[in-house]
Amino acid sequence: MKPLYGNWISNRMLKTLMFLIILTGGIETILLISQSRWTMLNLILALVLIVFLVCLIYFYRARWWFDVNGGNIQNKILDLLISHIEWDGNGVALDIGCGSGALTIEIAKRYPAANIIGIDNWGKKWDYTKRQCEANAQAEGVIGRTTFQQASASKLPFPDETFDLVVSNLTFHEVIDSKCKLDVVKEALRVVKRGGKFVFQDLFLIKQYYGTPCQLKEAVVAMGINTVEFVNTCASPWIPKALRLPFMVGTLGLIHGEK
Ligand SMILES: C[S@@+](CC[C@H](N)C(=O)[O-])C[C@H]1O[C@@H](n2cnc3c(N)ncnc32)[C@H](O)[C@@H]1O
């Protein structure tokens with residue numbers, strides 16, 4: 001069986017947009033037939049319909065860019081994170097917000113002596129499930145060294161200093177059960193062993209969440225971290241201009257270092 005890692009533009013999102021288009025279009029048509037004249041309400045509905053249509057076209061195109069059979073941007077962004085892992089591969093790693101298990105499984109494949117735990121809350125917003133992660137790990141031949149567990153990134157079910165490596169990709173900004181995204185970073189760093197490594201990629205250039213890169217680094221050091229570097233990963237030349245919107249990957253950044 002082939003692994004299925006899904007897409008960061010979820011089916012759920014596209015289906016919701018299609019539903020809204022059908023709903024708005026339906027109301028518009030009924031109003032036009034019943035009134036047989038063009039009113040202000042028709043104009044507003046027509047504008048709303050156009051906005052929904054533009055969003056649908058944009059997100060379909062973005063889905064193609066992210067897809068492994070399209071622009072493959074999703075894997076390239078994961079590779080950015082992986083290329084910043086400086087680890088000998090001995091011990092236990094944690095992937096926070098593992099989704100469909102893509103990063104967890106890739107680390108297991110690259111580090112044959114390592115055990116990796118992937119956690120996610122597998123909420124309704126995404127198409128991902130724990131069962132999908134386990135099926136993917138089985139298909140990739142790493143099921144014996146990977147474990148998947150339901151948990152929230154805001155309160156990790158592990159004691160302090162448990163892991164030799166902690167990674168996370170595009171998850172912290174999604175954690176709605178924590179108002180302050182820096183608290184999610186702090187929680188992730190709590191479970192890194194002293195001398196252990198971390199690599200986190202997120203929308204770190206959203207100032208409202210993390211401040212400036214300098215402020216972010218200072219905050220991380222204040223959390224008891226020895227060394228931390230910031231990398232402006234959204235500047236990668238292969239990211240299409242249309243994906244560089246702030247809520248897409250236009251504010252992508254990465255921090256890595258040692259506790
Ligand atoms: C953009 S996806 C990234 C998934 C995966 N890291 C990847 O790179 O493919 C965001 C992930 O964050 C997860 N997530 C959102 N809120 C979470 C929370 N409070 N705790 C753990 N995971 C969460 C979602 O379920 C989803 O899998």
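Thr-227 lies in strand β6, which covers residues 227–231; helices (H or I, at least four residues) and strands (E, at least two) are DSSP runs, numbered from the N terminus. The structure is a predicted model, in which local features need pLDDT of at least 70, side-chain atom pairs count only at pLDDT 80 or more, and totals for chains, interfaces and linings use all residues. Residues are numbered from 1 along each chain as its sequence is written.

Thr-227 is exposed, because 12 other C-beta atoms lie within 10 Å; a residue counts as buried if 20 or more other C-beta atoms lie within 10 Å of its own, as exposed if 12 or fewer do, and as partly exposed in between, with C-beta atoms placed from the backbone. When residues up to four places away in sequence are not counted, Thr-227 touches Gly-257 and Glu-258, where contact requires C-beta atoms, placed from the backbone, to lie within 7 Å. Thr-227 and Asp-88 are 139 residues apart in sequence, and their C-alpha atoms are 18 Å apart in space.

Glu-258 in β7 is also the residue that stands opposite Thr-227, and Lys-197 likewise stands opposite Glu-258 in β7. Strand β7 (residues 253–258) is mostly covered, with five of its six residues buried. The two pairings of β7 are set out below; strands are taken to pair if DSSP finds at least two bridges between them.

| Pair | Sense | Bridges |
|---|---|---|
| β5 (residues 192–202) and β7 | antiparallel | six bridges |
| β6 and β7 | antiparallel | five bridges |

### The chain and its domains

The secondary structure of the protein chain comes to eight helices and seven strands, and its C-alpha trace spans about 75 × 45 × 35 Å along the principal axes. Of the 259 residues of the chain, 36% count as buried. Among contacts between residues at least 6 apart in sequence, 71% join residues at least 24 apart.

The chain is divided into domain 1 (11–66) and domain 2 (73–258), with bounds that come from an automatic or database domain assignment. The centres of the two domains, taken over C-alpha atoms, are separated by 36 Å. Five residues of domain 1 are in contact with seven residues of domain 2. On the side of domain 1 that touches domain 2, α1 (11–35) and α2 (40–66) each supply at least two residues, and the largest share, three residues, comes from α2. By class, this side of domain 1 has three nonpolar, one polar and one charged residues, where Ala, Val, Leu, Ile, Met, Phe, Trp, Tyr, Cys and Pro count as nonpolar, Asp, Glu, Lys and Arg as charged, and the others, Gly among them, as polar.

A nonpolar core is here a set of buried Ala, Val, Leu, Ile, Met, Phe, Trp, Tyr and Cys residues joined through C-beta atoms within 7 Å. The largest such core has 57 residues, of which Ala-93, Leu-94, Val-166, Val-167, Ala-188 and Phe-200 touch the most other members. Its largest share, five residues, comes from helix α4 (residues 102–110), and the core draws at least three residues from each of domain 1 and domain 2. Leu-94 touches Ile-117, Ile-119, Phe-163, Val-166 and Val-191, again not counting residues up to four places away in sequence.

Helix α4 is largely enclosed by the rest of the structure, because seven of its nine residues are buried. These buried residues are Ala-102, Leu-103, Thr-104, Ile-105, Glu-106, Ile-107 and Ala-108, and they pack against α3 (73–82), β1 (91–96), β2, α5, β3 and β4.

### Two loop residues with positive phi

Trp-122, in the loop between β2 (114–120) and α5 (130–139), has a phi near 45 degrees, a positive value in a residue other than glycine. Trp-122 is buried, because 21 other C-beta atoms lie within 10 Å. Glu-161, placed in the loop between β3 (146–150) and β4 (163–169), has a phi near 55 degrees, again a positive value in a residue other than glycine. Glu-161 is partly exposed, with 15 other C-beta atoms within 10 Å.

### The ligand shell

The ligand is surrounded by 22 residues, and the closest are Gly-97, Gly-99, Ala-153, Asn-169 and Glu-174; a residue is near a molecule or strand if its C-beta atom, placed from the backbone, lies within 6 Å of it. The residues of this shell divide into 11 nonpolar, eight polar and three charged.

How values were computed:
Contact = placed C-beta atoms within 7 Å.
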